[in-house]
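Colleague: I would like to learn how to read a protein model. Could you take me through one, feature by feature?

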Protein chains: 2
Amino acid sequence: MRKRLSVEDYTAGILAGDRIMLSQAITVTESRLPADKELAAAILKETLPHSGNAFRIGITGVPGVGKSTFIESFGTYLTSLGKRVAVLAVDPSSQKSRGSILGDKTRMERLSHNPLAYIRPSATGLFLGGIARSTREIMLLCEAAGHDIILIETVGVGQSETLVKGITDFFLLLMLAGAGDELQGIKKGIMEMADAIAINKADGDNAQAAALAVSAYQNALHLFPKADSGFPTEVLTCSALQENGMEAIWKLIREFEKTTRANGFFDQNRQNQNLNWMHDLIRQSLENQFFSDAAVKTKLTSLEEAVRDGRELPDSAAEDLLRTFRNVKS
Amino acid sequence: MRKRLSVEDYTAGILAGDRIMLSQAITVTESRLPADKELAAAILKETLPHSGNAFRIGITGVPGVGKSTFIESFGTYLTSLGKRVAVLAVDPSSQKSRGSILGDKTRMERLSHNPLAYIRPSATGLFLGGIARSTREIMLLCEAAGHDIILIETVGVGQSETLVKGITDFFLLLMLAGAGDELQGIKKGIMEMADAIAINKADGDNAQAAALAVSAYQNALHLFPKADSGFPTEVLTCSALQENGMEAIWKLIREFEKTTRANGFFDQNRQNQNLNWMHDLIRQSLENQFFSDAAVKTKLTSLEEAVRDGRELPDSAAEDLLRTFRNVKS
């Protein structure tokens, strides 16, 4: 059992930008021990007034698109501007492997040795909601520790994107050029979530195909509804490997921030994110209590089957379960 | 106070295809009186084994796209094939006007006099969730009354589309050709929900622009992720006014049904819809109980403000409210 420090020690360490203290506080945040939960809540409460000042960027794309190389390249570029960068990951698949997309540090070797960058492998062994929750808290701690930019990597397959979209200011989708490759594995809805699309691996023989992909996507997006941000979804190319395009992407992101701060979307979006987060937590908690109730559990499987097959109305099954739950409670 | 009949009378009338009995049963379903709720639940239970055989089509598009004319034209075409058609509407805006997009029967005059068609104006005075709930129940009653095709009209502005998508087999988006018009008022995400897009008003001077819009959208959609249905999103033209294109749309829908029945999506989707409906009802009920709790209400406004402004963590505000709720309950 690791020794825990006091709330004051952790807070002072984080605010001083001490990476070891930050890492230890994150470990406390990810812990499921009740004492740790209380400690984590107290640390978060103390550091909260010092968070919120970073720009938060979600980065997604299917496996093979080059996310790690991109983050290495983009993160290195940002540090070259003097920015302090924190890299986090939401990776529900790591539950299975007990590994992590960022655990393989060799893929971001340069960035991991950069004093301006902080890389935190994703939490493992948590359900998706738990990962998202801890990621949000880790983000706030990293902000309190003085990081200017938070990069959150996700795996491009669905639900985790919605969660990351819900805690970031800007959502970047990485894609590849070439026949059919653009679509490979990307779920419906994710493209419409993106604030910008970067066609990666725009180098060598692939450069021309990437340029063609850019104009094809620009034309296509032109036909789709405008973003709520008021900032049109841009498409550009980059080569993470050759470190090309990083400046253009950063310029675009700064323009996005400028536009959305001016039109009020930036603040509105963060406020809505905070409120939605609270409501999601309440909903989760109410549902957890309901579905973990012993009497509900006893009935649930057979009722779900009947509803699925159309033998029972969803309405009466819901009524039945809710009555069961309330009788037990009262 | 209108006299109510027995469950048996309503059920027998509905199964015999008696339109007056169907209308009266729908009125009971829409009622908020506790006695009516019980009666409605019993009618639904009795008729449930006879529902589920219709093909359910959601139709959306912004005001001015010609939805009512389209439904008049498409519905008339379907009845010419001997199909029995029921037309419903989900229109949250009707709450304000106390009117209904379908209440204006003159806009569907021909269809409303067609013995094979049944048009039900949308319920008024209900919150969106309530409208959706009663629409789903009305749909089941119409199916039990022998209708082959259910058309559900919605207004193209957001949440109601998600609800209608969740109770239909096929989702048709109506759009207009011409500079910028395609996008006017359509919310992000709705295009990706569509199983097909029909460019309406493809007549006269507009025919060429409509044809161009078709190829533009076909190219654009080609770049987007494939639908879960396994059926590619098609784009076609129609003129509801001149009754052109109805046959092509119906042919497409039949192909969609054939494909999705063969690949298992049709059944899987309906089963998921049933289950999701049950879970949504449970979630709604749990949340209603929570947010209507007097102690929760007292704290809610100030906590929401603090969370919105970032002064309070969503996590601790949620905890606070949940504790308040549980203390009152226990």
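Modeller: Gladly! Let's begin with a term: a salt bridge is a side-chain nitrogen of Lys or Arg within 4 Å of a carboxyl oxygen of Asp or Glu. Here is the general idea: side chains of opposite charge can pair when their charged atoms come close. Between chain B and chain A the count is four salt bridges. In one salt bridge, the side chains of A:Arg283 and B:Glu287 meet at 3.4 Å, N to O.

Colleague: What should I know about the model before I go on?

Modeller: This is a predicted model, where local features need pLDDT of at least 70 and side-chain atom pairs count only at pLDDT 80 or more, while totals for chains, interfaces and linings use all residues. Residues are numbered from 1 along each chain as its sequence is written, chains are lettered from A and ligands numbered from 1 in the order in which they are written, and side-chain values use heavy atoms, with hydrogens and water left out.

Colleague: How many residues does the contact take from chain B and from chain A?

Modeller: Contact means heavy atoms within 4.5 Å. Chain B gives 58 residues to it and chain A gives 58 residues. Next comes buried area, the accessible area (1.4 Å probe) that two parts lose on being put together, summed over both. Between chain B and chain A this is about 5,400 Å², with 67% of it from carbon and sulfur atoms. On the chain B side, B:Lys188, B:Glu192 and B:Leu223 lose the most area to chain A, together 14% of what that side buries.

Colleague: Which element gives the most to the side of chain B that touches chain A?

Modeller: Helices (H or I, at least four residues) and strands (E, at least two) are DSSP runs, numbered from the N terminus. Several elements give two or more residues to that side of chain B, including helix H3 (34–47), helix H10 (207–222) and helix H12 (265–291) of chain B. H12(B) gives the most, with 15 residues.

Colleague: Now chain A. How many helices and strands does its secondary structure come to?

Modeller: Chain A has 14 helices and seven strands. For burial, the cut-offs are these: buried means under 20% relative accessible area, exposed over 50%, and partly exposed in between (1.4 Å probe, protein chains only). Of the 330 residues of chain A, 54% count as buried. Take A:Thr11, in helix H1 (residues 7–15) of chain A. A:Thr11 counts as buried because its relative accessibility is 9%. Leaving aside neighbours within four places in sequence, A:Thr11 is in contact with A:Ile43, A:Glu46 and A:Thr47.
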